[in-house]
Amino acid sequence: MEVKYFLNEKNIKTNFGVYVSASSGILDLPDFKPPLTREWDEEHGSVVDLDTLRLKNREITLECFINAESNFEFITKLNSFYSEFLKAGFKRLRIEVGSEVPPLVYDVYIAEKISITKKWSTGTQQGNFTIRLIDPNPRKMILKFVATNSVKQFEITLRPPSGWSISNILSTFGDGEIKNYNETNFEYNEDNDIIITHNYKAAGDYYIILSGVIDNFEPSFDLSNTELLWQTL
């Protein structure tokens with residue numbers, strides 16, 4: 001089974017000649033942020049608030065290598081791959097694990113330098129390197145929207161759980177547009193559900209990430225052009 005890796009919607013194997021030999025952190029549960037605690041001198045131990053557990057960033061590691069027919073081709077492929085990380089904003093990482101598993105989608109940024117391990121020689125070349133990425137939104141909902149020439153507006157309603165405290169929802173729409181929703185710009189329907197909409201300029205398949213404290217939200221949308229890939233990832 002071939003696992004395909006996409007960076008900014010480009011297959012890194014076919015576009016840059018980069019192969020991923022191993023990965024880690026993709027499905028890890030990140031470290032927890034320290035819970036709120038209180039202590040009193042006259043009492044033993046402490047009181048710990050575990051009602052609002054929150055996670056730290058997700059850390060993703062990709063073990064990679066490049067094969068090339070010459071030193072010039074190796075450097076050319078490497079520089080082309082580097083250029084994707086030099087673009088402004090988050091980098092979209094998508095991983096396809098066979099046909100039975102929905103794509104795994106992350107918005108990440110590079111955490112540190114990339115160091116190449118390589119021996120210079122004539123003929124076929126290979127270099128190895130490790131990429132460490134940070135996903136600052138470790139709990140997210142993933143949807144796929146198919147925009148057509150006649151339907152280019154994405155719309156979803158989110159029903160918060162009872163007792164939900166208003167917090168931010170970060171929406172990345174897969175076309176470079178990002179919007180942060182909060183109590184100042186939420187839109188609601190008559191049932192007090194949150195409405196999120198976005199208009200696409202071109203037809204195509206788009207992967208949408210909704211992140212924040214939305215684990216127990218109930219999504220509702222038009223099934224004809226929108227698919228819920230992951231309720232939580």
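Visitor: Leaving aside neighbours within four places in sequence, which residues is Thr61 in contact with?
Guide: This is a predicted model, by the way. In it, Thr61 touches Ala22, Ser23, Ser24, Thr130, Ile131 and Arg132, once its neighbours within four places in sequence are set aside.

Visitor: Where is Thr61 found?
Guide: Look at strand S6, residues 58–68.

Visitor: Is Thr61 buried or exposed?
Guide: Thr61 is buried: its relative accessible area is 16%, and the cut-off for buried is under 20%.

Visitor: And how many residues of S6 are buried?
Guide: Eight of its 11, so S6 is largely enclosed by the rest of the structure.

Visitor: In what sense do S3 and S6 pair?
Guide: Antiparallel, over six bridges, with S3 covering residues 18–24. In that pairing, Val20 stands opposite Cys64 of S6.

Visitor: What about S10, how many bridges join it to S6?
Guide: 11 bridges, and those two strands run antiparallel as well; S10 is residues 125–135.

Visitor: Let's zoom out. How many helices and strands does the protein have?
Guide: Two helices and 19 strands. The C-alpha trace spans about 70 × 65 × 30 Å along its principal axes, and 38% of the 233 residues count as buried.

Visitor: Switching to charges: how many positive and negative side chains are there?
Guide: There are 24 positive and 33 negative ones, and the centres of the two sets lie 10 Å apart.

Visitor: How many salt bridges does that come to?
Guide: The count is 13. One of them joins Asp107 and Arg92, whose closest N and O atoms are 2.6 Å apart. Asp107 sits in strand S8 (residues 104–110) and Arg92 in strand S7 (residues 91–97), so the pair ties together parts 15 residues apart in sequence.

Visitor: Are Asp107 and Arg92 buried or exposed?
Guide: Both Asp107 and Arg92 are buried.

Visitor: What does Arg94 form a salt bridge with?
Guide: With Glu96, at 2.5 Å between the closest N and O atoms. Arg94 counts as buried at 7% relative accessibility, while Glu96 is partly exposed at 22%.

Visitor: Which residue meets Asp205 in a salt bridge?
Guide: That's Lys144, at 3.8 Å from N to O. The pair links distant parts of the chain, 61 residues apart: Asp205 is in strand S17 (residues 204–212) and Lys144 in strand S11 (residues 140–147).

Key:
Residues are numbered from 1 along each chain as its sequence is written. This is a predicted model: local features need pLDDT of at least 70, side-chain atom pairs count only at pLDDT 80 or more; totals for chains, interfaces and linings use all residues. Side-chain values use heavy atoms; hydrogens and water are left out. Helices (H or I, at least four residues) and strands (E, at least two) are DSSP runs, numbered from the N terminus. Buried means under 20% relative accessible area, exposed over 50%, partly exposed in between (1.4 Å probe, protein chains only). Contact means heavy atoms within 4.5 Å. Two strands pair if DSSP finds at least two bridges between them. Lys and Arg count as positive and Asp and Glu as negative; His and the chain ends are not counted. The place of a charge is taken as NZ of Lys, CZ of Arg, CG of Asp or CD of Glu. A salt bridge is a side-chain nitrogen of Lys or Arg within 4 Å of a carboxyl oxygen of Asp or Glu.
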